[in-house]
Amino acid sequence: MQTDTAAAPNFTPLNMDRCLKVCIRPGDQRWQDAPQAPVRRWPLEREAPESGQVTSLVEYLPKAQFPQHEHPNGEEIYVLEGVFSDESGDYPAGSYLRSPAGSRHSPFSEEGCLIFVKLNQFAPKDRSQVRLRPTEQSWGKRADGAVISVLHRFAGEETVLYSCAAGQGLDLPAGPGELLVLAGSLQSAGGDLPALTWLRHPELADHGLASREGAVLLVKSRASASAL
């Protein structure tokens, strides 16, 4: 399934300088058809045409199925809508999956689904396989009022669900990170960030985000465990 970059000389890497802030809102980019299946992709960052590090939104149309394939450096998925399936089971909206380097599967969706996907971005020693449906996720309230669920933690990297109430400012981990707005909206100096907005920032804690109506976020950071 992978394509050598030499075969696509006109390809330009997308948003791969992670020292730069990137904010992509719904409608900022057109969906692209995937070559392997009735699937549409919305790339957020991409290292190479069909290989390397990738972050994207992926929409499976009903009955869509990918042929079996391997992820050389791991795959991370959060199910946004519908039901995502593979050999290990069915995963409804709100499910979180991690498949380590060298894992293989044949993903499909009977009813269709929308997922957030990160490919080939695992730490070399991170071999954890994670399958968390919404009913299997544990939530806890922090002192600042935010409610979080830790999905994965390894060597200072954290992936958490973060729920904030209406009118609450966000106390996010220090250091580089990214977030995807799952529900509600955020406000920043650069304007509103509605659901399905993806924000990557070299210093996430200093971005000055708040939410007038409340929001649920998927947050990935390089913060230490003590930041949560």
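**Exercise 1. Is Trp31 buried, partly exposed or exposed, and how does Trp42 compare in class?**

Step 1. Trp31 has a relative accessible area of 27%. Buried means under 20%, exposed means over 50%, and partly exposed is in between, using a 1.4 Å probe and protein chains only. Trp31 is therefore partly exposed.

Step 2. Trp42 has a relative accessible area of 4%, so Trp42 is buried.

Before going on, a word on the model: it is predicted, so local features need pLDDT of at least 70 and side-chain atom pairs count only at pLDDT 80 or more, while totals for chains, interfaces and linings use all residues. Residues are numbered from 1 along each chain as its sequence is written, and side-chain values use heavy atoms, with hydrogens and water left out.

**Exercise 2. Find how many aromatic pairs there are, and describe the pairs of Trp31 and Tyr60.**

Step 1. Rings of Phe, Tyr and Trp (its six-membered ring) pair if their centres lie within 6.5 Å; planes under 30 degrees apart are stacked, over 60 edge-to-face, and the rest tilted. The count by this rule is three.

Step 2. Trp31 pairs with Trp42 edge-to-face, with 5.4 Å between centres and 65° between planes. Trp31 sits in the loop between strand S1 (22-24) and strand S2 (32-33), and Trp42 in strand S3 (residues 39-46), 11 residues apart. Strands here are DSSP runs (E, at least two residues), numbered from the N terminus.

Step 3. Tyr60 and Phe84 are also edge-to-face, at 5.8 Å and 90°. This pair joins strand S4 (residues 54-60) to strand S7 (residues 75-86), across 24 residues. Tyr60 and Phe84 are both buried, and together with Phe66 they form one aromatic cluster.

**Exercise 3. Which ring does Arg98 lie over?**

Step 1. Apply the rule: NZ of Lys or CZ of Arg must be within 6 Å of the ring centre and within 35 degrees of the ring normal.

Step 2. Arg98 lies over the face of Phe122, 4.0 Å from the ring centre.

Definitions and conventions:
Helix = DSSP H or I, 4+ residues; strand = E, 2+ residues; numbered from the N terminus.
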